[in-house]
Amino acid sequence: MKKSSDAAARASNPSPKADHVLASFEAKVKEQLAAKSLTHFEGLLTSPLGFALTTASPLQRAIARIVDGRPLDELGDDDVVLRACGGTLPAPVRPSEVAIVAGIRTAKSLSAAALAVYWSQRADLTRLGPGEIPRISIVSLSKDLADVIFGHIVGRMMASPLLSKLILETPTADTLMVKHPSGRPVEIKVVAASKAGSSLVARWSAGVIMDEVARWGADDAAVSVNDLRDAVLLRILPGAQLVYISSPWAPMGFLYDLVKDRWGKPDRDCIVIKAPAYDMAPIIWTPDKLEIADRKSTRLNSSHIPLSRMPSSA
């Protein structure tokens, strides 16, 4: 009788060693599930262990799926998503080029940072020879502006117990070396647009993000988006993408023409998404905030009104 009661006691009170084994197993399962959630762009962007945009709007999630070439599923029924795509939803095919035009404070920089890290993990490196290191470039009007995106990359990666394992070297002021699933290094680098030409052709490109591209022609006539784009296309890896992100600025230039020609006409070559700030980030741009922006200045008001100056879908 005593033996039976002893066995029952052991079953109801597992040893500290058993507790440790169970806790370790549960931690590994949770880590594997978390890692799985980071294997697509939407998951990497929104997961607390990724870039932590946990309040992502339906449109922000839809954009992540569009960039990734994944089905929109339930988000395809959202009128905001349809409107941002110009009335025509894209097929679930990963596009070569994507333009995202939206007002300020809509997590464009954070999304771009997450995208750069995502590219570093899915890049096709089979074309590269021994010792060749591909580059993901973040190009902006000035290095200071590009540093905003770079700061998100470094900060979020170092803070994540999963992403921090991918960092190969201590980040420099403008460069981060990240481990590809193959074990090879991938470089993420920020550069000012005026100095981007040689940087973009120096190495094979695993993707390029051009930041605030609507302002390039207005602020610096010497910077040609078309020239930089042509340079990238000469050295881009299979499946790599070019992404243009910007707030609306003026009815002229590369981005204006791209919106005019391609918005509402998505295909595997190019998809254009155009949305006011209150559609992209309604949790930020509440009616009260929009009213304050209207009163303050036309610059803040670029979050919604100047978007109407961009061409409409035919």
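View 1. One cavity of 30 Å³ or more is present in the structure. The model is predicted: local features need pLDDT of at least 70, side-chain atom pairs count only at pLDDT 80 or more, and totals for chains, interfaces and linings use all residues. Residues are numbered from 1 along each chain as its sequence is written, and side-chain values use heavy atoms, without hydrogens and water. A cavity is a set of points, on a 1 Å grid over the protein atoms alone, where a 1.4 Å probe fits but cannot get out. Volume is the space filled by probe spheres set on the points, with grid points joined across faces, edges and corners. The largest cavity has a volume of about 160 Å³. Its lining comprises 16 residues, with I63, I100, K108, S111 and A112 nearest the centre. Lining residues have an atom within 4 Å of a point. Two or more of them come from each of α3 (41-46), α4 (58-68), α6 (108-122) and β6 (242-246). Helices (H or I, at least four residues) and strands (E, at least two) are DSSP runs, numbered from the N terminus. By class, the lining has 12 nonpolar, three polar and one charged residues.

**View 2. Two nonpolar cores.** A nonpolar core joins buried Ala, Val, Leu, Ile, Met, Phe, Trp, Tyr and Cys residues through side-chain atoms within 4.5 Å. Buried means under 20% relative accessible area (1.4 Å probe, protein chains only). The largest core has 60 residues; F41, F51, I138, I153, M157, L176 and I188 touch the most other members. Its largest share, nine residues, comes from α6. A second, separate core has 27 residues, including V139, L200, V213 and I236.

**View 3. Surroundings of T175.** T175 sits in strand β3 (residues 175-179). With 11% relative accessibility, T175 counts as buried. The side chains of T175 and D174 make a polar contact of 2.9 Å. Such a contact pairs N or O atoms within 3.5 Å; within protein, one must be able to donate a hydrogen and the other to accept it, and residues adjacent in sequence count only if both atoms are side-chain atoms.

**View 4. The second largest pocket.** This pocket has a volume of about 270 Å³. Of its 13 lining residues, I104, K108, S109, E212 and S247 are closest to the centre. A pocket is an open set with protein on both sides within 12 Å along at least five of seven lines. α6 and α7 (143-159) each supply at least two lining residues.

Notes: Ala, Val, Leu, Ile, Met, Phe, Trp, Tyr, Cys and Pro count as nonpolar, Asp, Glu, Lys and Arg as charged, and the others, Gly among them, as polar. Buried means under 20% relative accessible area, exposed over 50%, partly exposed in between (1.4 Å probe, protein chains only).
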